[in-house]
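Please look through the sequence and the model shown here, and follow the explanation below with both at hand.

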Amino acid sequence: MSTLSQSLAMHNASILQGKKPQEENHSILHYSPYSLYSILVRVALGMGRKLNPDTAPEVRLQLVNVQQGDNLTHEYLTLTPKGQVPVLKTISPGLPEVEVLAESQDILRWLCSKQPELMPEAHQEEIQRALHLFYSFHAKPLTIRPEEKSGGIVNHAAAMLENPDITDAHRRCLEVKSIFHDTLHSGSQDPDTVREVESQARLFLDAVAEILDKRAGDGIYLYGGSPTVLDAVAVSLLARLMDIGRTNLLTDTLIRYHNAIRQTREWTDIVPGSTVV
Ligand SMILES: N[C@@H](CCC(=O)N[C@@H](CS)C(=O)NCC(=O)O)C(=O)O
């Protein structure tokens with residue numbers, strides 16, 4: 001591990017979200033700083049904490065350096081066979097059970113059960129409809145970096161299987177991860193796939209724009225002065241699309257909405273620079 005990533009790891013592992021954890025009384029979010037799905041969860045946690053620090057769950061951050069393969073260790077693949085971030089290990093005070101949530105959608109659901117103000121009843125149906133549109137696609141084909149365009153999305157798990165020194169148990173995990181990788185990313189760069197994902201993303205962004213069109217008053221969030229879980233998701237996707245230069249999917253209204261939230265502490269505390277490396 002380089003000095004930079006070592007210090008990043010130490011720094012991030014010590015940052016706490018929510019209240020100061022009591023001994024063994026906090027959940028753990030495994031995350032990567034530039035992962036879109038990690039960012040949206042962290043922003044939702046920040047918004048929930050801003051709305052109500054008393055009900056905000058205690059969540060400690062654990063950095064997973066995906067670039068360095070932290071997500072391909074035997075330990076991590078045992079936690080989550082897909083080897084992805086984010087993953088939340090929930091620990092509830094007084095309860096012995098630990099639950100592992102390995103989909104950001106499930107983590108958001110868990111958070112909203114703790115902080116219903118993130119999903120206000122008056123807008124619940126609309127928010128859930130929009131979230132359903134967001135989770136109908138994986139954003140990767142929209143956010144492929146130039147080096148991945150030429151070299152493909154490298155299957156690091158498959159490469160590690162070439163190493164004869166890994167244990168049998170680790171090998172079995174890597175085989176599962178490798179298949180998952182190929183299933184998820186096969187065809188990610190095909191123009192037809194990109195077009196399909198673009199049109200799915202457009203449906204989501206149209207739903208967000210429709211909410212913005214109805215917005216009254218001068219609040220910066222979708223429903224005015226208070227953030228909801230949908231703001232966390234929408235602004236994270238918009239920020240990634242902006243940073244990667246995929247402006248064909250954006251409108252002035254969406255960009256203005258995104259710019260305003262990007263200046264808030266809930267955002268800048270979590271993503272100080274760009275959403276891409
Ligand atoms: N459906 C998952 C997607 C998570 C995801 O795609 N994570 C990416 C980073 S944004 C990842 O872990 N990539 C590394 C890998 O797949 O090996 C969720 O919503 O949590």
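This is a predicted model: local features need pLDDT of at least 70, side-chain atom pairs count only at pLDDT 80 or more; totals for chains, interfaces and linings use all residues.

The buried residues of helix α9 are A201, F204, L205, A207, V208 and I211, and the elements that cover them include α5 (124-134), α10 and α11. Helix α9 itself runs over residues 191-214, and its 24 residues reach 34 Å from the first C-alpha to the last, which is close to the 34 Å expected at 1.5 Å a residue.

One of the helices covering α9 is α10, which spans residues 229-244 and extends 23 Å between its first and last C-alpha atoms, close to the 22 Å expected for its 16 residues. Because 14 of these 16 residues are buried, α10 is largely enclosed by the rest of the structure. Just after α10 comes G245, whose phi is positive at about 85°.

How does α10 meet the helix α11, formed by residues 252-262, and at roughly what angle do their axes cross? The two axes come within 10 Å of each other and cross at roughly 105°, and since angles of 65 to 115 degrees count as roughly perpendicular, α10 and α11 are therefore described as roughly perpendicular to each other. On the α10 side the contact is made by D231, V235, L238, A239 and M242, and on the α11 side by L254, H258, I261 and R262. Taken by residue class, this contact of α10 with α11 consists of six nonpolar residues, one polar residue and two charged residues.

Leaving aside residues up to four places away in sequence, D243 touches S274, T275 and V276. The C-alpha atoms of D243 and V276 are separated by 6.7 Å, although the two residues stand 33 residues apart along the chain.

A further region to examine is the surroundings of the ligand. The residues around the ligand are S35, L36, Y37, V66, N71, G83, Q84, V85, P86, E103, S104 and Q105, and the elements giving two or more residues to this shell are α2 (36-51) and α4 (104-114). By class, the shell divides into five nonpolar, six polar and one charged residue. Two residues of the shell, V85 and P86, are joined by a cis peptide bond with an omega of about 0°. In general, most peptide bonds are trans. P86 has its place in the loop between α3 (74-79) and β4 (87-91).

Strand β4 holds I91, which counts as buried because it has 20 C-beta neighbours inside 10 Å. I91 and N25 lie 66 residues apart in sequence, yet their C-alpha atoms are 6.4 Å apart in space.

Finally, the protein chain can be considered as a whole. Its secondary structure comes to 12 helices and five strands, and 35% of its 277 residues count as buried. Among the contacts in the protein chain with a separation of 6 or more, 73% are accounted for by residues 24 or more positions apart.

Key: Residues are numbered from 1 along each chain as its sequence is written. Helices (H or I, at least four residues) and strands (E, at least two) are DSSP runs, numbered from the N terminus. The expected span of a helix is 1.5 Å times one less than its number of residues. A residue is buried if 20 or more other C-beta atoms lie within 10 Å of its own, exposed if 12 or fewer, and partly exposed in between; C-beta atoms are placed from the backbone. Axes are lines fitted to C-alpha atoms, for helices over the stretch in contact, and angles run from 0 to 180 degrees between N-to-C directions. Angles under 35 degrees count as roughly parallel, over 145 as roughly antiparallel, 65 to 115 as roughly perpendicular and the rest as oblique. Two residues are in contact if their C-beta atoms, placed from the backbone, lie within 7 Å. Ala, Val, Leu, Ile, Met, Phe, Trp, Tyr, Cys and Pro count as nonpolar, Asp, Glu, Lys and Arg as charged, and the others, Gly among them, as polar. A residue is near a molecule or strand if its C-beta atom, placed from the backbone, lies within 6 Å of it.
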